[in-house]
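Colleague: Before we discuss the backbone of this model, could you show it to me?

Modeller: Here it is.

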Amino acid sequence: MSGNGSGSSGNSTSSGDSPNRITRNDEQVPYVESTIIMTTVRVVTPFILTLGLFVMFHGASSAGGGFQGGAIAGTVVLLLAFAFGIGPVRDWLNPAVILGLIAVGVGTFVAVALGSLVLGGEFLQYTAYPVPHASKYGIELVELGIGAVVAGIITGLFFLIAAGFETGEPMEDDT
Amino acid sequence: MSELLPLLVAVPIVGALVGLVVGYKFERLAWPLAVVTSLAHTALAAFVAFEVYAGGEPLSYAVGGFQPPFGIELVVDGLNAAVVVLVAAVALGILAYARRAGPHSAAFYTGYLLLVAGLSGMSVTGDMFNLYVFLEITGLAAYALVATGDDGRSAVGALKYLLVGTVGASLFLVGIGYAFVATGTLNMADLAEKLAGVGYGSTLVRASFAFVVTGLAVKTALYPLHTWQPEAYASAPDSVSALISALVSTVSAYALGRVIFSVYTVDFLSSVAFAREFVLVLAGISIIAGSVLAVMQTELKRMLAYSSVSQFGLVVAAFAIANDAAVTGGVVHLVGHAVMKGGLFLAVGAIAARTGARYVGEFDGLAARAPLLSAALATLSLSMVGVPPAVGFVGKWYIALGAIQSQLWPIAVVILLSTLLTLAYFLRIVERMYFRSAAPREAPAERSTGTGAAAVADGGANDDSDTDDERPTLGRGSDVDFGSPSAGMVAVILVAALLAVALGPLVSTFEPLLEPTLDLLLQP
């Protein structure tokens, strides 16, 4: 959903027929190019991504999990956008990639759940897999999937919101 | 055959995922994929329901092989088998309508399938926390669907829905928390035993009941807590209004009944008189206030929305009365209301597409201009009022019977009064359609809901590119852009009208099927 929208919304510059519509896209968002911020972000992002994965993997055995880890991993793209400008980062990041991230995440979860049914177990029964420590690896795989979904949604939402909205459309007064 | 229960939730999720990915590249494939998924889901639901009613035994399933009360349990008995089939069938019908009426985007079909997944999950789960999770999935999908209209009005409606809905879900969660503190379990069957062990006099137990009921009452939209509902229904595209009005509040009301019977049990209601009075008064006020507010509306979709407030008051009252007749009536009315209200919203949408009429004043002489749709609208309206032999009558009859059996005279009077008010707000439509000639002023189409500006803005690029996104959505923008309703849309409305009449006589065959379940739920 969000991957789909982030590419198309906000860029409707072709509406020359209605002069009262002001499109507020990322060109009008103030952006200051700062060497300090860019360098810091460049140094810090690998560590943040690692921390995100670390938290995701911890979901199986201790405090952590896909939701927190995915949120941390998703902030990497947000930091890049703050440092290098939202427009360039949006151009660099194909919306299909974000959509793919979400799809792969949900797909992983569903595949793990249905795979155990195929192997003769119950729905989502990790121990049905003929792997040592199947529960542990199964949960870790599912947490990684959740992490991918959360990271994808956060970046997708960020670009959607950053794209702004079209003003000049009359808002109906609700009763 | 209980292995099928998790598939009821998993199949729509897989469909949503495939639809999202394929629809990104090939938007035209999103609808066929959604239909295939919905057909598979309906077949599953019908098969599960058949097993339950033929076997007479509830099906239950432990997810992941973790045995309840520790693992998550899925249970289908006579009470929710009907709800599962209802969700699948209504969703399929509205999909047929949405093919032409829109919204035409892969995002809409994804949201639609996620909503079906959430509703199925709420219907089959036997675990309180799992119920909360599916309540949130349902809610989030519903907020997104309401916002699928492009203009400001649906965005405001969705935001209001989101704020109030989240508060409701949070209250529900607080209630679960209190019950968990009191008992240390979340499984419904296990909670029922342990809550009795803790004692119904315990403040924790009573507080948890109050929070859970209030939270679900927000989601069901009972009177003082209904504020999100009219604007959400009225501002959404017509397909979405029908889907949400027919299913979301219905499944929330089912969840309320399930919680009352399977978690707190009838014993709790009879030993804590205040709890039963609390629910009955809430429901009674909702019945009257919803009807009165509906009479005051001029926009048809808002009128139907307030009518739902009143009808769900009836259902919740039935669950609080909690005897055989009343609960049978509650389930019948739950299913019947979904068919009737879904059909009514679709009929209003199709009539607006043909004539542009969305306000009561514009319905004069409509029967001459759109005879088939007017007949369907009139049939559904009269069924909602409770004219025999339609299903609306049977449901109300059983509920009133139950109220009288339990000597709850005020509720019986309230039901009678609300029937009169329902007659008032539906009959004025029928009267205008059939017994008045159309006024000479012929510019009703300009006065549609929505702003119209969104449609104007899109109108520039209409001819050169006919991708799915460019096709107008019914219920958003101007109805003139939409053209006339397709044969499929009219067929869905006619099926709904026929069902509303045909389901009434069928209740007598449904009642014995429900009886074993009610014996289990109502006799402790």
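**Backbone geometry in the loops**

Modeller: Gln407(B) sits in the loop between H16 and helix H17 (409-435) of chain B, where helices (H or I, at least four residues) and strands (E, at least two) are DSSP runs, numbered from the N terminus. This is a predicted model, in which local features need pLDDT of at least 70 and side-chain atom pairs count only at pLDDT 80 or more, while totals for chains, interfaces and linings use all residues. Residues are numbered from 1 along each chain as its sequence is written, and chains are lettered from A and ligands numbered from 1 in the order in which they are written.

Colleague: Why is Gln407(B) called exposed?

Modeller: A residue is exposed if 12 or fewer other C-beta atoms, placed from the backbone, lie within 10 Å of its own, buried if 20 or more do, and partly exposed in between. Gln407(B) has 8 other C-beta atoms within 10 Å, and is therefore exposed. Its phi is positive, about 60°, although Gln407(B) is not a glycine.

Colleague: What makes His133(A) count as exposed?

Modeller: His133(A) has 12 C-beta neighbours inside 10 Å, and so it counts as exposed. His133(A) lies in the loop between helix H5 (95-118) and helix H6 (134-162) of chain A, and has a positive phi of about 55° without being a glycine.

Colleague: Which kind of peptide bond joins Pro68(B) and Pro69(B)?

Modeller: That bond is cis, with omega about 10°, and Pro69(B) is placed in the loop between strand S1 (59-62) and strand S2 (73-76) of chain B. A cis peptide bond also joins Pro388(B) and Pro389(B), with omega about 5°.
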